Structure formats: C-alpha cells, structure tokens
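Subject: Structure for your review

Dear colleague,

Please find below the structure that I am handing over to you.

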Amino acid sequence: MATLTLSSLSKRFGDAAALAPTDLEVADGEFVVLVGPSGCGKTTLLRMVAGLETPSDGDILIGDTRVNGLEPRARDIAMVFQNYALYPHMSVRRNLAYGLKLRGMPKHEIARRVEWAAGLLGLDEYLDRKPRALSGGQRQRVAMGRAIVREPQLFLFDEPLSNLDAKLRASVRVEIKRLHQRLGTTTLYVTHDQVEAMTLAQRVVVMNRGRVEQVGPPAEVYAKPATTFVAGFLGSPPMNLFEARVTATGDAVEIPGVDAALPLPTAVEGGLRVTLGIRPEAFLPTPDGPLPFSLDLQEPLGAETLLHGNIGKQACTLRLAGDAAQEEDRLGRLAVAPEALHLFDAESGFRLK
Ligand code: ATP
C-alpha cells in the first residue's frame, strides 16, 4: 500500500483545459472518490494516475516514487473499468490468473492468489465457468478479482458500476466497500453518481469543469457545501437554491414574494443579494411557519414522500418521512431551523462565512 500525491497536475487537449492544476493527497489505505458531472475531468485525472494519459504539467507520486515517466505496468496499480472486458474464451480461474502469468509469477503463488481472491469475492463455485455463464454482477466481481490478485499498491476504479442495473449496483457497491474494509488498499474511484460517492468515500473530491470544487468527508461536504455547485450536486433530491436577499439589519433573509423573513443563526452584511440553500428534508410543516408552500405534485416512495411545489415564485422540493399525502392540509406553511439555512454569494456561488 502507498500514498498517492498529485501536485499541480494538469491536462490540456490542444487549447482546451481538461484539468486545471490540481493538488491532492490520498493517504495510505484511504478510499477517495472523484465525483462530478460528465466532462468535469475526473476520468482524465484517473487515466493520468494510471499512466494511460500524459500530464501536461505537474507530478504524480505513488509512495515516494515519481511515476510520471513510468509505464502503466511499472506503477504497481490495478484498474477496474466500467467495461469489464473479461477474456470470453477463458474460465474465471484463467481470467484471474492471466495477468499474473504474464508477469511470470510462479504457479503455486498464482494458485494461492486466485483461491484467495475467489474466496474474498464469493467466486469459488464459478471458477470453472466461462464469463458468458455469469451474471453482470458476477462478471464485475471477476474484474475486481483480477485487480485484487495483483495485490497492488493502489486501486483505480473508473465508473465500475455503470453497466449494472440499479439493484445490482447497490449490492456490488456494498461489496466494494466491504472489500476495502478488509484489504485497506489505497483507492481512487471515479463516478458521476453522487450516491456512490457519498456511500463509498472516506473523502470525496467534487469536480466541476476541470476544477476541484471541494474535498472532504462526505458528511462534512453534505453539511457545508462550499459552493452552489456542490450544494446542487450532492444530495438526492439536491438542495433547493432560492434567489434571496439579506435584510438591512443583516440578521434574517427574505425570499421574494414571501412576507416573513427567516432569522439567520449569525448576522451577515445587510442588504446582500444571496442564493439561499435549504435541503429538502430541512422543511418542517408548521401551522404558523413563515414560508407559504403551494403543492404541485407528490412522489410517494414508501418510507418517505417527495413534494414538489413553490415558495413565492420559486420551485421547491420537500422530503417528508412517511406518507405525506395523509397530511396535505398541514403542508401550507413551513418552517426551517436557522442552522439549516445555507447562504451563498449570489455572484460567485461561494458559501458565505
Ligand atoms: P465522463 O463522466 O463523461 O467520462 P469525465 O468527467 O470523466 O466525464 P473527462 O473524460 O476527463 O471527463 O473529460 C474532460 C474534458 O476533456 C472533456 O471536455 C472532454 O471532452 C475532454 N477530453 C477528454 N479526452 C480527450 C481527448 N483525447 N481529446 C480531446 N479532448 C478530450
């Protein structure tokens, strides 16, 4: 195992910057997830670490070794892709063993590692099957097994769950987490799926347009998003973002078309134009609450209900526990605790201190 250090790492394709200069330190044994929308540069970053793309500038260190000039094979990493590309004519056992054989590893050591990985991934009974006789989830486990048998210093995952259906995605996700808990291998994992990021990561790196917007433990990033982009990206449904203005006194915030102001936990500059963020679960139906809510549409999900509507003229989504349809008449007015209000600069999108 090893640390991974990126220092001023950047990538341009012609004139276009795919990754702005980026610093990142992944600790020994840490699981870090790069998350962001399509085109934000996360795959480019991962491919540079893997040695499949040449950096325009900056350094990549695995442990103390600068690996910029090293071939992928020489980096002691193992990568799992979205497209698991198993050899169709080989059994699971041979698929697992093949990379080790190419490296000239002794037979008894290959056998030991294959048995060990198969046991770890619950593949023992499939070792003699061909990939076509496996389910999608089992194939992805074989792909992970191929990475594990290498016993690398660093695992790189590139959207490994994208080809699986929703149910399988959830179960393989749990397997990946369990595997990391057992092996403790330093891991860099790329996804556009914020649920994967939240559930798997010890730290998330939220990326947008080739830049890192925020790095931190998922719970911390969720609780205190640094920008409106992060606020709107993490969380499902995402945080509601309202155009609003701080009152002249600086101790409350007003949404246009709403009479009552919402008290702030600490005062800020009076009169400031802001973006006000409120998580869907932060609203409390309250008969004399300050916010009037007009309900449009309900989405009952069993354990909870999503309610879409408006506050003033601005769209808003609420998440309430249970079957909120039962209590439609309670939904007309809402309150929010002052600590649940997030303020961002209306121009820059940065969180106000
Ligand atoms: P996705 O989730 O869609 O894979 P991503 O966040 O991984 O997106 P990248 O694949 O890293 O994004 O791409 C970042 C930017 O670099 C994009 O604008 C993309 O079009 C551009 N890009 C990537 N590879 C190349 C290439 N070989 N030549 C030119 N531009 C490229």
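Predicted model: local features only at pLDDT ≥ 70, side-chain atom pairs only at ≥ 80, totals over all residues.

Residues are numbered from 1 along each chain as its sequence is written, and side-chain values use heavy atoms, with hydrogens and water left out.

The ligand

Which residues are around the ligand? They are Phe13, Ala18, Pro37, Ser38, Gly39, Cys40, Gly41, Lys42, Thr43, Thr44 and Glu159; a residue belongs to this shell if one of its heavy atoms lies within 4 Å of the ligand. By type, the shell divides into four nonpolar, five polar and two charged residues. Here Ala, Val, Leu, Ile, Met, Phe, Trp, Tyr, Cys and Pro count as nonpolar, Asp, Glu, Lys and Arg as charged, and the others, Gly among them, as polar.

Polar contacts (pairs of N or O atoms within 3.5 Å) are found at Ser38, Gly39 and Cys40. Ser38 places a polar side-chain atom 2.6 Å from an oxygen atom of the ligand. For Gly39, a backbone N or O atom lies 2.7 Å from a ligand oxygen atom, and for Cys40 a polar backbone atom is 2.9 Å from an oxygen atom of the ligand. The ligand exposes 630 Å² when taken alone, and the protein buries 54% of that; accessible areas come from the Shrake-Rupley method with a 1.4 Å probe, and for residues only the protein chains shown count as cover.

Helix α1

Helix α1 (residues 42-50) gives the most to the shell around the ligand, with three residues. Helices (H or I, at least four residues) and strands (E, at least two) are DSSP runs, numbered from the N terminus. Seven of the nine residues of α1 are buried, so this helix is largely enclosed by the rest of the structure. The buried residues are Lys42, Thr44, Leu45, Leu46, Met48, Val49 and Ala50. Buried means under 20% relative accessible area, exposed over 50%, and partly exposed in between (1.4 Å probe, protein chains only). After α1 comes Gly51, whose phi is positive, near 90°.

The domain assignment, which is automatic or from a database, gives domain 1 (4-229) and domain 2 (238-345). Their C-alpha centres lie 39 Å apart. Six residues of domain 1 are in contact (heavy atoms within 4.5 Å) with seven residues of domain 2.

Pro218 lies in helix α7 (residues 218-223). Is Pro218 buried or exposed? Pro218 is buried, with a relative accessible area of 9%. Leaving aside residues up to four places away in sequence, Pro218 touches Ala197, Met198, Ala201, Gln202, Arg203 and Val204. The C-alpha atoms of Pro218 and Cys40 are separated by 19 Å, and the two residues are 178 residues apart along the chain.

Backbone details

The peptide bond from Ser236 to Pro237 is cis, with omega near -5°; Pro237 is found in the loop between α8 (228-233) and β11 (240-246).

Ser8, in strand β1 (residues 4-13), has a positive phi of about 50° although it is not a glycine. Ser8 is partly exposed, with a relative accessible area of 38%. Asp76 sits in the loop between β5 (65-66) and β6 (77-81), and its phi is positive, near 60°. Asp76 is partly exposed, with a relative accessible area of 32%.

Yours sincerely

Terms used: Polar contact = N/O pair within 3.5 Å; in protein donor to acceptor, adjacent residues only side chain to side chain.
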